[in-house]
Amino acid sequence: MPLKREVEMYRAIKRYFVKHIGCKAVFADLPDEKKKIHLPRNLSKRDPDVIGAGDDKEIFVAEGKMLSQSGQPFEQCVEQLLSLKAFADHLYAFFPNDDWERLTKDDADRNRKILKAKGIGLILVDERGHTRAVLPATSNDAEESKKNEVLRILGLVKDTHVPSVDYLSSSDAALATKMICLVDDLGREIGQEAVAKVFSGKKHRFVFDTFSHENGGNVFRCAAWPGHVGFEFDPFGAYLGDGRPCIWIGRNMSDGFLLNLLEAESPAFGTHVWFGDKDETLPLQDVTPERVKQCDNMWLEHRIEFFGRSRDGLKRELETCLLAAKRLK
């Protein structure tokens, strides 16, 4: 079916940025994107349709329109790109291939001439998500300070400032404080008891610190032992981004073990797999052999609900999962 909305082209442009340009970090203004890119422009903020950066820290921005919509979509697209010229090394315009093919020869030639004169690349997207590059993007004189701001947002450079965050409401702040205190107090106590029972007589350490993931979430790492068994509290659902508090019991596994596990109908241990190359956690049923072969740092994880249950029930489940993880070969 023909493309009906501009947003339907975003994923195809993301793939183009990765496959043909070599971008290492790419984000689009999609509803399911966890990270949003807001670039200050005049007295407001602009959210580019697609933005990416490569190993050499060059930045690429793409804006698209449906040429069949009312108004002047081509001119609007060009102006939006030029408004972001200071942030990017290369600018791309993208349109539905079907719309472009229906243009008169004069309009198509005039549009190409405008884009070429301004150094803007042109990509066409068909209804199957295939892309076709019509014009290359020439190098643009981006401003270093603005580029660094984009790279910081993309997570490719360290931020030397304390970041600004949205404030919680008083009720949300009170709830968050209560959740952290329960993890720090009750969670630590139950976890220590379970660890002591399962790893009795063996050297182990029980630490309690925090670390950040690329998706912006924090978890409490509570234990790690010889044999690569891990124990982590995730009070705000950072791993899955669903906001559901839980505990993760994990075991570092080889690709061979995981490939065999994918063939098992009901494994005794493991609900998810964490992939270190992209810091992503996928449900076990969604993991494919191809994904396993792409990564050399994987953890088989078992998710356990934390709040709203009995203390003894939680402790028993922790002990069971820790023992199962310990016995894996």
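Buried residues, meaning those under 20% relative accessible area with a 1.4 Å probe and protein chains only, make up 43% of the 329 residues in the chain. The model is a predicted one, in which local features need pLDDT of at least 70 and side-chain atom pairs count only at pLDDT 80 or more, while totals for chains, interfaces and linings use all residues. Residues are numbered from 1 along each chain as its sequence is written, and side-chain values use heavy atoms, with hydrogens and water left out.

The chain holds nine helices and 15 strands; these are DSSP runs numbered from the N terminus, with helices (H or I) of at least four residues and strands (E) of at least two. Contact here means heavy atoms within 4.5 Å. Of the contacts in the chain with a separation of 6 or more, 58% are between residues 24 or more positions apart.

Rings of Phe, Tyr and Trp (its six-membered ring) pair if their centres lie within 6.5 Å, and planes under 30 degrees apart count as stacked, over 60 as edge-to-face and the rest as tilted. Ten such pairs are found in a search of the whole structure. In one of them, the ring centres of Tyr10 and Phe94 lie 6.1 Å apart with planes at 85 degrees, so this pair is edge-to-face. Because Tyr10 belongs to helix 1 (residues 10-21) and Phe94 to strand 6 (residues 90-96), the pair ties together parts that are 84 residues apart in sequence. Both Tyr10 and Phe94 are buried. Tyr16, Phe17, Phe60 and Tyr92 form one aromatic cluster.

Helix 6 (residues 170-198) and helix 9 (residues 311-327) have axes that come within 9 Å and cross at roughly 45 degrees. Axes are lines fitted to C-alpha atoms, for helices over the stretch in contact, with angles from 0 to 180 degrees between N-to-C directions. Angles under 35 degrees count as roughly parallel, over 145 as roughly antiparallel, 65 to 115 as roughly perpendicular and the rest as oblique; helix 6 and helix 9 are therefore oblique to each other. Their crossing is right-handed, that is, the near helix is turned clockwise from the far one by less than a right angle. Among the residues that meet are Leu186, Ile190 and Val195 in helix 6 and Leu314, Leu318 and Leu322 in helix 9. By class, this contact has nine nonpolar, one polar and seven charged residues, where Ala, Val, Leu, Ile, Met, Phe, Trp, Tyr, Cys and Pro count as nonpolar, Asp, Glu, Lys and Arg as charged, and the others, Gly among them, as polar.

Met179 also sits in helix 6 and is buried, with a relative accessible area of 13%. Leaving aside neighbours within four places in sequence, Met179 is in contact with Pro235, Phe236, Pro245 and Phe307. Between Met179 and Phe236, 57 residues apart in sequence, the C-alpha to C-alpha distance is 8.6 Å.

Leu154, in the loop between helix 5 (144-153) and helix 6, is buried at 5% relative accessibility. The C-alpha atoms of Leu154 and Ala53 are separated by 8.0 Å, although the two residues are 101 residues apart along the chain. Asp99, in helix 3 (residues 97-101), is buried as well, at a relative accessible area of 7%. Beyond its neighbours within four places in sequence, Asp99 is in contact with Met66, Leu67 and Ser68.

Methods: Buried < 20%, exposed > 50% of the residue type's maximum accessible area, 1.4 Å probe, protein only.
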